[in-house]
2 protein chains.
Amino acid sequence: MTDQPYHHGKLREALLERAMETIEEAGVDGLSLRQLARDVNVSHGAPAKHFRDKQALIDAVALAGFESMNRLIQDAAQSGEDLRDRFVNVGKAYVHFAVEHPALLTVMYSTKHHPDSSDELRNTGVQGIHLAQAMIAEAQEAGALAAGNPETLAMVCFVSLHGTALLAAGGQVDGNSVEDVITATTDTLWAGMASGVPAAQLQLP
Amino acid sequence: MTDQPYHHGKLREALLERAMETIEEAGVDGLSLRQLARDVNVSHGAPAKHFRDKQALIDAVALAGFESMNRLIQDAAQSGEDLRDRFVNVGKAYVHFAVEHPALLTVMYSTKHHPDSSDELRNTGVQGIHLAQAMIAEAQEAGALAAGNPETLAMVCFVSLHGTALLAAGGQVDGNSVEDVITATTDTLWAGMASGVPAAQLQLP
DNA sequence: GGCCAATGTAGTCATTGACAACAAAGTAGA
DNA sequence: TCTACTTTGTTGTCAATGACTACATTGGCC
């Protein structure tokens, strides 16, 4: 009857994996610690040994999400003929991840925004901005973009792509295909930065 | 002892008001139907007469949020010296609303993104885009912006401002003031649209 | 071999959302 | 005015949940 050993062996990983599946299927609200325990054939108290409480589990899911997303973005940043291509590819990678994992993205950001989120989570979640900042600075030096504070410009690109990602994930880009919106957004950003953004010029060193 | 009449009289309004307060204080997760009933001195079953279930209450909160936000945006669209001013003012109004009601904004959009959201909610939530579209078309006719599909461009502006709003509401614009990010974002968008967005030109009538 | 921390089990508790049966109050027509 | 009928609110109940505790099993380490 009980061909299961007393110790699961990889409970933490099994819980994390199943939690991500559940979240993608039913959202965070559909996640129940007790149901999760049932799913992996373990008693309802077992998860507490690996995650202090439900929020700790969700935090771990969010962290794993950021890590896999960052990998995709890093890859995209290195593929492309010129700087503009690479910039567009990063945007696409971000939004595509969002479209493929909409519920996970929601968890990732709502968790990061949580007042007592961990430093690790916040640092991991901010890597995309740093990447954008480096690309913009490089393009400015190459003369492809007008001068301007890279930090501010990177933030502008990040918030814009973030909005695209969230709305695309929610299927809210009514009347436009997701690809069109991504391309139009990155086009607009690049064109704006190329012609010069007044608000980014005022920063004094 | 019981100086309260059997019928509350304005239970629905009282519940809605208190629910919005609770959400702003503790987020959606902090909202409990039973606690809500206690807060307005009513039995735990009473709310069901006005809201079928918890989601129906949250939907009503979201709708009220969109309505008050739309009012602010409409006002902003009519104040400004020129078209560019009005455009920037709309963006500011949107983001300011988000910063002042961060939890409410989250509820508004997560509810709108919900697969079975009401038509009324979706229509109300989309008014901002239509406004942006009209302003862009007007600016193109006036020669202030380059030609391009207003629908696509409006979507670009909307997603960008939406991202700004969400991140500003979450206090995630590290290192930059919210005002700077708003200004830089609207500047970038306007500059991009003025110099021409390739992806928005390809649309054939 | 025996101690001991880590891991999992079983039982319990307060809280929650939903539901049903009942009570009170307003309403409309004879 | 009397009387159905509807709306609104109350009370009791149910299963599910998250968190906590005491206890059992396991495997590593000296």
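Predicted model: local features only at pLDDT ≥ 70, side-chain atom pairs only at ≥ 80, totals over all residues.
Start with chain A. The C-alpha atoms of chain A fill a box of roughly 70 × 40 × 30 Å along the principal axes. Of the chain's 205 residues, 40% count as buried. If you look at contacts in chain A between residues at least 6 apart in sequence, 68% of them join residues at least 24 apart.

Now for the inside. The largest nonpolar core has 114 residues, and those with the most contacts inside it are A:V61, A:A98 and A:A165, along with B:V61, B:A98 and B:A165. Domain 1 (8-51) and domain 2 (52-198) of chain A both give residues to this core, which is why it lies between them. For a local view, pick A:V61: leaving out residues up to four places away in sequence, A:V61 touches A:L16, A:A19, A:M20, A:I23 and A:V107.

Finally, turn to where the two chains meet. Here 34 residues of chain B are in contact with 34 residues of chain A. On the chain B side, α8 (150-169), α9 (178-195) and α10 (198-201) each supply at least two of the residues that touch chain A. The biggest giver is α9(B), with twelve residues. Sorted by class, the side of chain B that touches chain A has 15 nonpolar, 16 polar and three charged residues.

Terms used
Residues numbered from 1 in each chain as written. Chains lettered and ligands numbered in written order. Core = buried A, V, L, I, M, F, W, Y, C linked by C-beta atoms within 7 Å. Buried ≥ 20, exposed ≤ 12 C-beta atoms within 10 Å, placed from the backbone. Domains from an automatic or database assignment. Contact = placed C-beta atoms within 7 Å. Helix = DSSP H or I, 4+ residues; strand = E, 2+ residues; numbered from the N terminus. Nonpolar A, V, L, I, M, F, W, Y, C, P; charged D, E, K, R; others polar.
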